[in-house]
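Biologist: I am new to this structure. Could you walk me through how to read it?
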Amino acid sequence: MKSLSKHYHKMRKKYPDEKIMLVFDIDDTIVDISIPLLYVLKKYDYINRTAHFRGMTQKDMVFEEWHIQDWLPDIIRDTAEQEKIVQFVRANMWLEDTILMSHRPFQGVLEIIRWFQIQANTYVGLNTGRSDSLRKITLDSLNLLGSKFRVSFSSDILYMNPMEDKVEEDIRSYKSRGLLYFQKKGYKVISFADNEPANLKVIDDVLLDPEIRLLHADTSLDPPGAYLPSRQ
Ligand SMILES: [Mg+2]
């Protein structure tokens, strides 16, 4: 945070009249996705009267939503049951009740966003792999979480994956498109925070802009050091 505010002040001085923007990914950068994942797995048990995930806590969510099929064989042998759970997770992770009931911010992140939002001519953009069909619920839930911190987000600063069926590779390419989108709208983008080093690497490769500070939100399960931006 200290180095980000230093960078911000430097950029402000260099570009006194520009609309400065700091861009954040949402999932596992602002919102802790291990909580909805546990919520959905417990819901599966409840609906199906099973006990696969009984006693599990947030600490046991040591995998990402994308990789649940790789993790299930460790606890469930029946492959048909595994497949049923994978489908259930895919169908339920992004339902309105899951988002409203289980999305929680990481400690400290909304305070940081608040600080930037109250600086003059400064904007916080959101760049997410969530599909555009989730636009309203994404804004509603983030504004609900943000209200306690006097943080709010509007549709014009939210870039979403326009593809309905997202896969990891699509998300990576859309991350760089997200920053280009904000630049085209006239914002001077000075940072991008994401929990996935691969997303930061794509941005680094595509944009080649030394004034965009890339920040690894260290919340994901990617191996540390897989990619650490070299530019300071
Ligand atoms: Mg993320």
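We take the sheet, then a crossover, then a pair of helices.

Modeller: Keep in mind that this is a predicted model.

Biologist: How should I read a sheet, and what is the strand order here?

Modeller: Strands of a sheet pair through backbone hydrogen bonds, either parallel or antiparallel. In this model five strands form an open sheet in the order β3-β2-β1-β4-β5. The pairing is parallel.

Biologist: Which are the edge strands?

Modeller: Look for strands that pair on one side only. Here those are β3 and β5, the latter spanning 213-216. From one strand to the next, the twist averages 20°.

Biologist: How many bridges join β4 to β5?

Modeller: Four, with β4 covering residues 187-194 and the two strands running parallel. Find S191, and you will see R213 of β5 opposite.

Biologist: What unit do β2, α7 and β3 make?

Modeller: Follow the chain from strand to helix to strand. Helix α7 takes up residues 135-147, and together with β2 and β3 makes a right-handed β-α-β unit.

Biologist: Now the helices. At what angle do α2 and α4 cross?

Modeller: Compare their axes. Those of α2 (residues 34-48) and α4 (residues 79-92) come within 10 Å and cross at roughly 125°. That angle is why α2 counts as oblique to α4. Their crossing is right-handed.

Biologist: Which residues make the contact?

Modeller: α2 supplies V40, K43 and Y44. α4 supplies I85, F88, V89 and N92. By type, the contact has five nonpolar residues, one polar and one charged.

Conventions
Residues are numbered from 1 along each chain as its sequence is written. This is a predicted model: local features need pLDDT of at least 70, side-chain atom pairs count only at pLDDT 80 or more; totals for chains, interfaces and linings use all residues. Axes are lines fitted to C-alpha atoms, for helices over the stretch in contact, and angles run from 0 to 180 degrees between N-to-C directions. Angles under 35 degrees count as roughly parallel, over 145 as roughly antiparallel, 65 to 115 as roughly perpendicular and the rest as oblique. A crossing is left-handed if the near helix is turned anticlockwise from the far one by less than a right angle, and right-handed if clockwise. Two residues are in contact if their C-beta atoms, placed from the backbone, lie within 7 Å. Ala, Val, Leu, Ile, Met, Phe, Trp, Tyr, Cys and Pro count as nonpolar, Asp, Glu, Lys and Arg as charged, and the others, Gly among them, as polar. A crossover is right-handed if, with the strands pointing away from the viewer, the path from the first strand over the helix to the second runs clockwise. Two strands pair if DSSP finds at least two bridges between them.
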